[in-house]
Amino acid sequence: MTFLFLAWTILGIFGASCASVVFYISIQHDQFLDRIFNWQDNLDKWGSKSGLWNEIKHKALGGCKFCFSHFTTVLTFVFFVLFVSLNGGWFHSPNLFVTIISNIIFYLLFIVSGTVMSFLMLTKWIKE
């Protein structure tokens, strides 16, 4: 079961990175998400307004590649947890403290490695 969880984790990190690239390409000018939701116009609107919330929306939703990578990795982590939990492969321990600490460490490792891999894929594959 440990090998299966490790394999799912590696595939989850790689999938999160690929999803970041696909979503980032999809929000560019004249791509399908931009045409449906006027994504770039909204990004320009949020980027031109002052305020912390507008800055967070602007960066996380496509104004900053690193912030976008982190945001999409966090979103895909939620789907990863649901997938693994539904397939009975999530880590459990009789000791609650060990379970909590293990899950926090796993979350941090998944998010950090997924964000970095997503950012590298975005910067190496997409030239602007």
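Residues are called buried when their relative accessible area is under 20%, exposed when it is over 50% and partly exposed in between (1.4 Å probe, protein chains only). The model examined here is predicted, so that local features need a pLDDT of at least 70 and side-chain atom pairs count only at pLDDT 80 or more, whereas totals for chains, interfaces and linings use all residues. Residues are numbered from 1 along each chain as its sequence is written, and side-chain values use heavy atoms, with hydrogens and water left out.

By these criteria Ile105, placed in helix H6, is partly exposed, with a relative accessible area of 45%. Helices are DSSP runs of H or I with at least four residues, numbered from the N terminus.

The structure holds 12 aromatic pairs, a pair being two rings of Phe, Tyr or Trp (its six-membered ring) whose centres lie within 6.5 Å, with planes under 30 degrees apart counted as stacked, over 60 as edge-to-face and the rest as tilted. One of these pairs is formed by Phe5 and Phe106, which are tilted at 45 degrees between the planes and 5.2 Å centre to centre. Because Phe5 lies in helix H1 (residues 2-26) and Phe106 in helix H6 (residues 96-125), this pair ties together parts that are 101 residues apart in sequence. Phe5 is buried, with a relative accessible area of 18%, and Phe106 is buried at 15%.

A further tilted pair joins Phe77 and Phe110, at 5.0 Å centre to centre and 55 degrees between the planes; both Phe77 and Phe110 are buried. Ring pairs link Phe5, Phe77, Phe80, Phe106, Tyr107 and Phe110 into a cluster.

Methods:
Helix = DSSP H or I, 4+ residues; strand = E, 2+ residues; numbered from the N terminus.
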